[in-house]
Amino acid sequence: MDKPMSNLGFKMMSFAFKVRDFFKPRRKVIAEVGIKQGDHVLDYGCGPGSYLKATADLVGPEGKVYALDIHPHAIRKVQKLASKNRLDNVETILSDCRTDLPSGSIDVVLLYDTFHALTKPDEALSELYRVLKAGGILSFSDHHLTNDEIIYGVTVSSLFELATRGDRTYSFQKA
Ligand SMILES: C[S@@+](CC[C@H](N)C(=O)[O-])C[C@H]1O[C@@H](n2cnc3c(N)ncnc32)[C@H](O)[C@@H]1O
């Protein structure tokens with residue numbers, strides 16, 4: 001079982017992301033994915049919620065954003081952000097892997113800057129495979145990994161295949 005980082009580590013990361021998001025707004029990243037109104041999106045390893053507002057706006061009132069993280073601080077931050085911005089289409093999930101979402105219920109998974117931190121990436125990928133609809137997208141980025149590590153890491157289990165590569169993200173599809 002993975003363990004959450006220290007509370008101080010989480011605070012420092014959240015501050016670093018504030019700076020990152022100011023200079024490089026996350027809306028530009030999300031724009032590559034093709035999220036539509038009504039989509040159900042799972043943000044796996046949501047952290048302090050950098051992608052939350054942009055994603056919730058894109059899916060609209062008919063859609064849903066599930067923000068999952070292992071760290072209780074992340075869940076609290078996202079809940080505060082959702083309530084401050086009146087994002088009624090957001091739900092949080094405190095977990096290190098299992099989502100408890102129904103199989104085939106998710107249109108898009110965001111897996112950003114999190115894969116490198118997983119001690120059991122295969123278990124996470126199996127869970128993401130299970131919850132994604134046929135044709136669903138696993139949108140991926142991780143600046144800790146090389147291009148080859150990303151493609152190998154996600155496709156080695158044969159659950160996903162590379163669909164497209166954008167400037168900032170990779171889109172994998174259920175194989
Ligand atoms: C570097 S942050 C990325 C946050 C966000 N995706 C972003 O790019 O702004 C990685 C996040 O993954 C979470 N995390 C690490 N291992 C996890 C696991 N096994 N299950 C769920 N979340 C995990 C951490 O708590 C942290 O919030």
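Leaving aside its neighbours within four places in sequence, with which residues is Leu138 in contact? The close-up views below, taken from a predicted model, begin with the answer.

**View 1. Leu138 and its contacts in the largest nonpolar core.** Beyond its neighbours within four places in sequence, Leu138 is in contact with Val109, Leu111, Leu128, Leu132, Phe160 and Phe172. The largest nonpolar core holds 42 residues, and Leu52, Val109 and Leu138 touch the most other members. Strand 4 provides the largest share of this core, six residues. In soluble globular proteins, nonpolar side chains tend to be buried together.

**View 2. The buried side of helix 4.** Helix 4 comprises residues 72–84. Its buried residues are Ala74, Lys77, Val78 and Ala82. These residues lie on the same side of helix 4, because they cover an arc of only 130° around the axis. Among the elements covering them are helix 1, helix 3 (52–59), strand 2 and strand 3.

**View 3. The exposed face and the length of helix 4.** The face turned away from the buried side carries the exposed residues Pro72, Lys80, Ser83 and Lys84. Helix 4 has 13 residues, which at 1.5 Å a residue should span 18 Å; the end C-alpha atoms are 18 Å apart, so the two values agree.

**View 4. Arg86, after helix 4.** Arg86 is found in the loop that runs from helix 4 to strand 3 (90–94). Its phi is positive, about 50°, although Arg86 is not a glycine. Most residues other than glycine have a negative phi. Is Arg86 buried or exposed? Arg86 counts as exposed because 9 other C-beta atoms lie within 10 Å, and a residue with 12 or fewer is placed in that class.

View 5. Asp113 has a positive phi of about 60° and is not a glycine. With 19 C-beta neighbours inside 10 Å, Asp113 is partly exposed, since a residue is buried only at 20 or more.

**View 6. The shell around the ligand.** Which residues come nearest to the ligand? Of the 21 residues around the ligand, they are Asp2, Gly45, Gly47, Ile70 and Asp113. By class, the shell consists of 12 nonpolar, five polar and four charged residues. Helix 1 (7–23) and strand 2 (64–69) each contribute at least two residues to the shell.

How values were computed:
Residues are numbered from 1 along each chain as its sequence is written. This is a predicted model: local features need pLDDT of at least 70, side-chain atom pairs count only at pLDDT 80 or more; totals for chains, interfaces and linings use all residues. Helices (H or I, at least four residues) and strands (E, at least two) are DSSP runs, numbered from the N terminus. A residue is near a molecule or strand if its C-beta atom, placed from the backbone, lies within 6 Å of it. Ala, Val, Leu, Ile, Met, Phe, Trp, Tyr, Cys and Pro count as nonpolar, Asp, Glu, Lys and Arg as charged, and the others, Gly among them, as polar. The expected span of a helix is 1.5 Å times one less than its number of residues. The arc is that of the directions from the helix axis to the C-beta atoms. Two residues are in contact if their C-beta atoms, placed from the backbone, lie within 7 Å. A nonpolar core is a set of buried Ala, Val, Leu, Ile, Met, Phe, Trp, Tyr and Cys residues joined through C-beta atoms within 7 Å.
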